[in-house]
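Please go through the model below with the text beside it.

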Amino acid sequence: MKKQRKENGIPMKVVLLTSDSLRHNFIAHSLAKQLDLALVITEKKSPAITDTASLNKKDKVFMEQHFLGRKNSEEQYFGLYQDFPSTSELLEVEHGGINSKEVFERIENTQPDFIILFGTSIIKEQLLNKYPSRIINLHLGLSPYYRGSATNLFPYYYEEPECVGGTIHLATAAIDKGDILHQFRPDIKEGDSLHDIGNKVILRAGKLLPEILKKYDRGVIKPKEQKGSGRLCRNKDLSPDLLREIYKKFEEGLVREYIREKEKRDAGKPIIE
């Protein structure tokens, strides 16, 4: 089937499992431009991520400003992508519904060559076992140095901007531990905010992801095993105080210092390119 598709020049068919923000729309459009994005399954984000009800007034205001800044920056970078591609079928599910029977059956009926994950809940073994080595995760972070959630924020707290970037890897039951197809860092400039840098990672991901998929499909890229250990990050650990410390480090020149020592610092945290 795969050989016949290639011989006839038919683009690979992919399914995207993602969330519902502008950045997710952008990645969908990036895939649709070069591949047959047959189906987009979009899962609503957990409301707990931006819930500030339990915070004191000071922390509440601070966190709301942080989320507003993220939203405004995302609008600036991806405001043209208000919807998913009209050429793709769309299935919307509630948070936690990504492993439902309905989702599994829709994917099975679509018969994709590959399934792409970007920003959903953790995928369970039923889907992973059905499509071994054909489920690809776009992780916003450099594994194994930073795995889990908010992995392009925690590196600033630990003064490791060289660990900000993206990892395209095979999805496994272990969080962000699958064999790596490609990794990349954003083009960080002095004066970039943490939101600018985060969106630059997504911009570069949109350019790279379709090409990496095509090379993997052709056998040009061989998955490489992750080696070494790092930090497993969780959204619930991103407290207002920790986030304040990150903003403070930006103000004190963390990015400027990194740019000055970029070659040396990047070499100290090697990635798979």
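Strand β1 (residues 13-18) pairs with β4 in the parallel sense, over five bridges. Strands and helices here are DSSP runs numbered from the N terminus (E, at least two residues, for strands; H or I, at least four, for helices), and two strands pair if DSSP finds at least two bridges between them. Leu-16 has Ile-116 of β4 as its bridge partner. β4 also pairs in the parallel sense with strand β5 (residues 135-139), over three bridges, and there Ile-116 stands opposite Ile-136.

This is a predicted model, in which local features need pLDDT of at least 70 and side-chain atom pairs count only at pLDDT 80 or more, while totals for chains, interfaces and linings use all residues. Residues are numbered from 1 along each chain as its sequence is written, and side-chain values use heavy atoms, with hydrogens and water left out.

How many of the residues of strand β4 (residues 114-118) are buried? Five of the five are, so the strand is largely enclosed by the rest of the structure. Buried means under 20% relative accessible area, exposed means over 50%, and partly exposed lies in between (1.4 Å probe, protein chains only). Phe-114, Ile-116 and Phe-118 cover one side of β4, and Ile-115 and Leu-117 cover the other.

β1, β4 and β5 belong to an open sheet of seven strands with mixed pairing, in the order β3-β2-β1-β4-β5-β7-β8. The edges are β3 (89-93) and β8, each with a single partner strand, so one side of each has no neighbour in the sheet. Neighbouring strands are turned against each other by 15° on average, direction ignored. Helix α7 (residues 194-218) packs on this sheet and touches β4, β5, β7 and β8; contact means heavy atoms within 4.5 Å. The direction of α7 makes about 155° with that of β8. Axes are lines fitted to C-alpha atoms, for helices over the stretch in contact, and angles run from 0 to 180 degrees between N-to-C directions.

Strand β7 (residues 166-170) and β8 pair in the antiparallel sense over four bridges, with Gln-183 of β8 as the bridge partner of Thr-167. Five of the five residues of β8 (residues 180-184) are buried, so this strand is largely enclosed by the rest of the structure.

Next come two helices. The axes of α2 (residues 22-34) and α3 (residues 57-78) come within 9 Å and cross at roughly 25°. The two are therefore roughly parallel, a label for angles under 35 degrees. Their contact is made by Leu-22, Arg-23 and Phe-26 of α2 and Glu-74, Glu-75 and Phe-78 of α3.

In helix α8 (residues 240-251) lies Lys-249, which counts as buried at 11% relative accessibility. Leaving aside neighbours within four places in sequence, Lys-249 is in contact with Tyr-156, Tyr-157, Glu-159 and Leu-254.

Some backbone details remain. Most residues other than glycine have a negative phi, and most peptide bonds are trans. The bond from Ser-143 to Pro-144 is cis, with omega near 5°, and Pro-144 is found in the loop between β5 and β6 (146-148). Gln-111, in the loop between α4 (101-110) and β4, has a positive phi of about 55° and is exposed, with a relative accessible area of 58%. Ala-150, in the loop between β6 and α6 (154-157), has a positive phi near 55° and counts as partly exposed at 21% relative accessibility.

Terms used
Angles under 35 degrees count as roughly parallel, over 145 as roughly antiparallel, 65 to 115 as roughly perpendicular and the rest as oblique.
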